[in-house]
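Reader: Can we go through this one together? I'd like to start with contacts and then move on to the core.

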Amino acid sequence: MTRTEQEKELMEVLQDAPVKMAERFKRNFKRMKFDNDADFNDWIDGVCFEIDHVAGTENKYKSVIDQAMQERIRQRQQESHNTVIYGLENVEYHEQRIKGLK
């Protein structure tokens, strides 16, 4: 496998990786020299493993953040029903939210 082919394979693997991690692996790849294809395959397998591990961790935290944001949105929607004041201005009704009222 030529160096160009190895670099193409690395780029395919790094498509879904976080940006900083991808940059780190690109720098490491430029510094490394592989004696044979087996060494490169072992290294690229390690890269794939690390990317999968980080992606799983990010998704776990992302889901917790998403749950918290969904709960906050739900609370805001309930709060908006409780904090509406109707007033007469220019012979039209308009709504005004007051923060902190329940």
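Author: A contact here means heavy atoms within 4.5 Å. The model is a predicted one.

Reader: Fine. Which residues is Gln6 in contact with, leaving aside its neighbours within four places in sequence?

Author: Gln6 is in contact with Met1, Phe29, Phe34, Asp37 and Phe40, once its neighbours within four places in sequence are left aside.

Reader: And where is Gln6 found? Is Gln6 buried or exposed?

Author: Gln6 is found in helix α1. Its relative accessibility is 6%, so Gln6 counts as buried.

Reader: What about Arg3, how does that one count?

Author: Arg3 has its place in helix α1, residues 3–13. Arg3 counts as partly exposed because its relative accessibility is 34%.

Reader: Which residues does Arg3 contact, with neighbours within four places in sequence left aside?

Author: Phe29, Lys30, Met32, Lys33 and Phe34, on that basis. Lys30 is 27 residues from Arg3 in sequence, and the C-alpha to C-alpha separation is 9.9 Å.

Reader: Switching to the core. Which residues touch the most other members of the largest nonpolar core?

Author: Leu14, Phe25, Trp43 and Ile51, out of 13 residues in that core. Two or more residues each come from α2 (19–31) and α3 (37–82).

Reader: Which element gives the most to this core?

Author: The most comes from α3, which gives five residues.

Reader: Back to Trp43, then. What is Trp43 in contact with, beyond neighbours within four places in sequence?

Author: Trp43 is in contact with Leu10, Phe25, Asn28, Phe29, Met32 and Phe34, leaving those neighbours aside. Among them, Phe25 is also one of the core residues that touch the most other members.

Methods
Residues numbered from 1 in each chain as written. Predicted model: local features only at pLDDT ≥ 70, side-chain atom pairs only at ≥ 80, totals over all residues. Heavy atoms only, no water. Core = buried A, V, L, I, M, F, W, Y, C linked by side-chain atoms within 4.5 Å. Buried < 20%, exposed > 50% of the residue type's maximum accessible area, 1.4 Å probe, protein only. Helix = DSSP H or I, 4+ residues; strand = E, 2+ residues; numbered from the N terminus.
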